Amino acid sequence: MKILVAIKQVPDTATQVKIASGGKAIDTAGITWIVSPYDEFAVEEALRIKEKRGQGEVVAVCLGPDRAKEALRSCLAMGCDRAIHLNDPGWAEADTLTTARALAAVIKQEQPQLVICGRQAIDDDMGAVTAQLAEVLGWPCAAWIMEESVDADAKSIRAARQVEGGLEVFDLPLPAVISAQKGLNEPRYPTLKGIMGAKKKEIKDLKASDLGLPADPPQLSVVALEALPPRPPGRVIPGDVGTAVKELVRALREEAKAI
Amino acid sequence: MTMAGAIWCVVEDDRKGMPKKVMAEVIGEAARLGGPAEAVWLTDKASDDGFTQLAGWGATKVWLLENAAFAPYRSEVWAAALAELATAQSPKAIFGPVTSRQREALARLAARLGVGISADSVAFTMQGDKLVATRPVYAGKLLSKVTWAKQPWVATLRPNVFRPAESQAGKTAAVERPGVKSASAQMKFVERREEVSTGLPELAEAEIVISGGRGMKGPENYVILENMGKVIGAAVGASRAAVDAGWRPHRFQIGQTGRTISPKLYLGFGVSGAIQHLAGMRTSKVIVAVNKDPEAPIFKIADYGIVADLFEVVPALTEEFKRLLEK
């Protein structure tokens with residue numbers, strides 16, 4: 001069974017982000033880049049499916065600039081068999097739909113039976129690519145998956161979506177797209193052997209023209225990035241617990257009108 | 001670009017025939033942007049009370065797509081039906097609340113229509129004849145303003161952020177029942193597994209959220225937060241530290257790899273305020289922090305803080321809330 005995992009390289013959560021001159025993007029100097037955490041759940045699940053079935057191939061795909069190769073290398077170190085790097089300056093301002101169309105073009109070439117994404121990338125937090133990719137391909141999809149199982153002859157996948165108040169379980173005929181929610185699994189750390197082996201694995205570069213894709217402008221574009229408006233200064237309520245609690249409840253009722 | 005066309009508000013309902021109250025926020029915002037705000041309701045079972053409620057919130061029309069195929073929800077069916085109706089009616093915008101269904105269905109719809117989507121939006125402004133949406137990015141550390149190349153402008157709206165429309169009695173909305181081909185679904189519904197109910201509100205929908213962090217010391221202590229939750233009608237969540245320690249199931253996690261909440265009141269007990277937690281609760285209106293450590297980062301964004309042992313504060317505060325609310 002062939003599984004394709006779509007990943008994104010994002011700034012580490014703890015990294016400080018500053019707005020670059022021009023005001024539309026972040027200043028990338030000094031940023032620590034990681035594989036978006038939800039995408040690690042996606043990679044892990046793909047590897048587990050392959051291991052459980054005893055055969056198959058897991059291909060990691062990433063759209064991003066040159067530095068994104070490092071993220072693909074991490075996925076190869078975890079155990080992915082090979083990688084595809086969608087690297088084209090024309091995608092610098094790609095929105096979710098452009099990304100979905102590029103991924104769909106690769107998927108048409110690769111013809112995997114299953115595509116796994118993370119539920120969202122933690123930079124722009126859009127969470128739209130999974131569903132848009134499925135739409136472009138005309139495949140069924142299920143987002144925010146907490147458990148899954150592929151049937152014995154790889155004809156369908158049973159997947160449990162996290163929804164308000166519970167889980168909803170669906171059978172999706174393959175090929176299909178699913179997205180990983182935290183709780184699906186615990187991603188493995190690459191072993192030393194994995195890291196060494198990753199250096200020898202293939203990362204194929206593809207441009208928009210290799211996929212026959214037009215250089216369309218994005219449908220959604222960033223007008224400006226802005227710092228958060230400062231919150232009004234808060235106050236620490238002094239005194240012993242009894243006094244402080246009384247004052248807090250008074251303030252919540254009379255000042256903040258929050259209760 | 002034409003300014004004609006309505007702002008559609010895709011209805012999130014309780015699956016029993018009534019729209020959820022988050023729709024008051026979506027319809028209220030659509031009207032504030034100039035409307036007309038029209039509800040689009042995909043359901044297997046609508047109700048007259050539901051129409052009255054949508055009209056009361058300000059919907060001038062209800063597009064009713066009533067078909068057994070819409071329940072249980074499947075994104076392919078919703079997106080196909082919405083796209084067919086949108087192509088026929090040319091709304092200028094299509095809005096929905098951020099829910100498990102609509103975050104998926106509206107993304108799929110936008111791809112089908114070949115337009116952009118702004119997910120998890122927290123503000124809108126009109127700039128000339130363009131809509132500009134504001135959305136938190138980079139763990140809520142920055143705000144991104146985005147705009148669309150063409151209509152319809154598809155967006156999901158973060159719950160509890162937009163001012164809800166006041167419900168007005170005596171209003172009615174015309175109910176249109178357009179004929180829409182119901183797409184056949186490839187995926188099949190198997191079952192719904194309900195969570196064991198805590199009897200407390202759902203995290204994303206709650207107006208008050210109580211959160212317990214590493215300072216809770218163990219799973220057995222969350223009962224004191226649940227007791228407070230019962231008194232003030234709050235949901236009880238947890239930080240990643242508490243979830244990763246196995247004290248609470250993942251569905252209760254607030255933060256970047258958990259749920260994003262925006263309640264009127266957030267009360268954090270023994271929560272340090274790691275960036276990853278702040279990403280999920282920073283847009284709360286009023287933030288209260290209780291922590292023994294005066295250096296805890298959460299105090300930097302808290303409106304009210306108490307530096308003390310939460311195990312002393314929680315019971316005292318619960319009693320004080322009880323006294324206030326029994327008055």
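Guide: Welcome! Two strands pair if DSSP finds at least two bridges between them. Helices (H or I, at least four residues) and strands (E, at least two) are DSSP runs, numbered from the N terminus. This is a predicted model, in which local features need pLDDT of at least 70 and side-chain atom pairs count only at pLDDT 80 or more, while totals for chains, interfaces and linings use all residues. Residues are numbered from 1 along each chain as its sequence is written, and chains are lettered from A and ligands numbered from 1 in the order in which they are written.

Visitor: In what order do the 4 strands of the open sheet stand?

Guide: Their order is E12(A)-E8(B)-E7(B)-E6(B), with antiparallel pairing. Strand E12 (220–227) of chain A and strand E6 (123–127) of chain B stand at the edges with a single partner strand each, so one side of each has no neighbour in the sheet. From one strand to the next, the twist averages 30°. Look at E6(B) and strand E7 (residues 130–137) of chain B: 5 bridges join them in the antiparallel sense, and Gln127(B) stands opposite Lys130(B).

Visitor: Why is strand E5 of chain A largely enclosed?

Guide: First, the term: a residue is buried if 20 or more other C-beta atoms lie within 10 Å of its own, exposed if 12 or fewer, and partly exposed in between, with C-beta atoms placed from the backbone. In E5(A) (residues 82–86), 4 of the 5 residues are buried, so the rest of the structure largely encloses this strand. E5(A) runs parallel to strand E4 (residues 57–63) of chain A, joined by 5 bridges, and Leu63(A) has Leu86(A) as its bridge partner. Another 4 bridges join E5(A) to strand E11 (residues 203–206) of chain A, also parallel; there Ala83(A) stands opposite Ile203(A).

Visitor: At what angle do helix H4 of chain A and helix H4 of chain B pack?

Guide: Axes are lines fitted to C-alpha atoms, for helices over the stretch in contact, and angles run from 0 to 180 degrees between N-to-C directions. H4(A) (residues 129–137) and H4(B) (residues 102–113) pack at an angle of about 45°, and their axes are 8 Å apart. Angles under 35 degrees count as roughly parallel, over 145 as roughly antiparallel, 65 to 115 as roughly perpendicular and the rest as oblique. H4(A) and H4(B) are therefore oblique to each other.
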